[in-house]
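Please read it alongside the sequence and the model.

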Amino acid sequence: MNAAAHNTFDVVVMGEILVEVATDLPFGHGVPAQLGISGDALNVAAAAAAAGARVGLLSVLTDDDLGQATAARIGELGVSTALLKFRRGQQGVYLVHSDPAGEREFSYARTGSVGSTLGPDDVDPDVFAAAGAVVAGGIACAISTTARAAVVTAASVAQRFVYDPNFRPRLTTVEDATAALTELAPQAFLVTPSFPGETSALLGVSSAEEAAATLRGLGTANIAVTCGAKGVQLETDGISAWIPAIPAPSVVDQTGAGDAFVGTLTARLVLGDDFRTAARFGAAASSLVVGGKGGTSLIPTFKQTRAHAGAAATIEGAMSSNA
């Protein structure tokens, strides 16, 4: 049955879902671990749903108990399971060790995963064309040629296509990641690269402003260059703006911070917020999710995100007036 007959989404996210094994100690036999469900696509989708959007997630899961448990978790996060596909195969897995500062070390077992079987035929053009925005990333482009083709197909039909380069040297080469970005940027409503890592490697620039200008030159309508703990550089219609980062109340694990920004920003843009306001909410959400262990263990409600952004603005205003 065509999912479009029953679902019109504010945001549709596509990509691979992974089983997450998180530890506080370096990996080793007998080390206690916490199991979770994560991956960039789910992190983005969960953040968009928490920000108030109706969200669909296109991903391929195993046709067994693990796949059903994964789908159940997706539903718990407020994300529709209507677009999920179930096939025989191996669910991708990653192990993550976070130190006390929230820095992470990853190990992946995802080659040939069921998620990498995502392909163009999985993209329902009616659903994707009706969505307020479609979000995909460089990881989906890197896991297989069919998944990359699915992203290209989605970009061609989406009203607003959002692309997060999410460059991972373990998954792909600089050349292939650059080619994907160059191909998709002209079709993108929004691109969200990170500075300095991605922008230097994929665009050959030395500043966030240069990255934004380069992507505008490629045809991207809006750019949000994330600069880690410093803030975000925005570029739209010739207007540049700097959004300062919002300090995190607690840092346990930085997994999913960038995804929370992308999901929240996209959702709030579709729901009618202006670019600066939406980016501010994205910054607030990303600074809250690092207080939980794993990609989806702490997803703030929009009420919490809005309150956090408001409190930070009050502090910034007071500091400015006293300067």
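A residue is called buried when its relative accessible area is under 20%, exposed when that area is over 50%, and partly exposed in between, using a 1.4 Å probe and protein chains only. This is a predicted model, in which local features need pLDDT of at least 70 and side-chain atom pairs count only at pLDDT 80 or more, while totals for chains, interfaces and linings use all residues. Residues are numbered from 1 along each chain as its sequence is written, and side-chain values use heavy atoms, with hydrogens and water left out.

**The chain as a whole**

- The secondary structure comes to 11 helices and 14 strands, where helices (H or I, at least four residues) and strands (E, at least two) are DSSP runs numbered from the N terminus.
- The radius of gyration of the chain, taken over C-alpha atoms, is 18 Å, close to the 20 Å that the globule rule (2.2 Å times the number of residues to the power 0.38) gives for 323 residues, so the chain is as compact as a globular protein of that length.
- Along the principal axes, the C-alpha atoms fill a box of roughly 60 × 45 × 40 Å, and 53% of the 323 residues are buried.
- Of the contacts (heavy atoms within 4.5 Å) between residues at least 6 apart in sequence, 72% join residues at least 24 apart.

**Helix 1**

- After helix 1 comes G52, whose phi is positive, near 110°.

**H308, a buried residue**

- H308 lies in helix 11 (residues 302–322) and is buried, with a relative accessible area of 15%.
- Its side chain reaches the backbone oxygen of P247 at 3.5 Å.
- Leaving aside neighbours within four places in sequence, H308 is in contact with I246, P247, P249, A284, S287 and L288.

**R88, an exposed residue**

- R88 is found in the loop between strand 6 (85–87) and strand 7 (92–98), where R88 is exposed with a relative accessible area of 78%.
- Once neighbours within four places in sequence are set aside, R88 is in contact with D63 and V114.
- R88 and G67 are 21 residues apart in sequence, and their C-alpha atoms are 9.7 Å apart in space.

Methods. A polar contact is a pair of N or O atoms within 3.5 Å; within protein, one must be able to donate a hydrogen and the other to accept it, and residues adjacent in sequence count only if both atoms are side-chain atoms.
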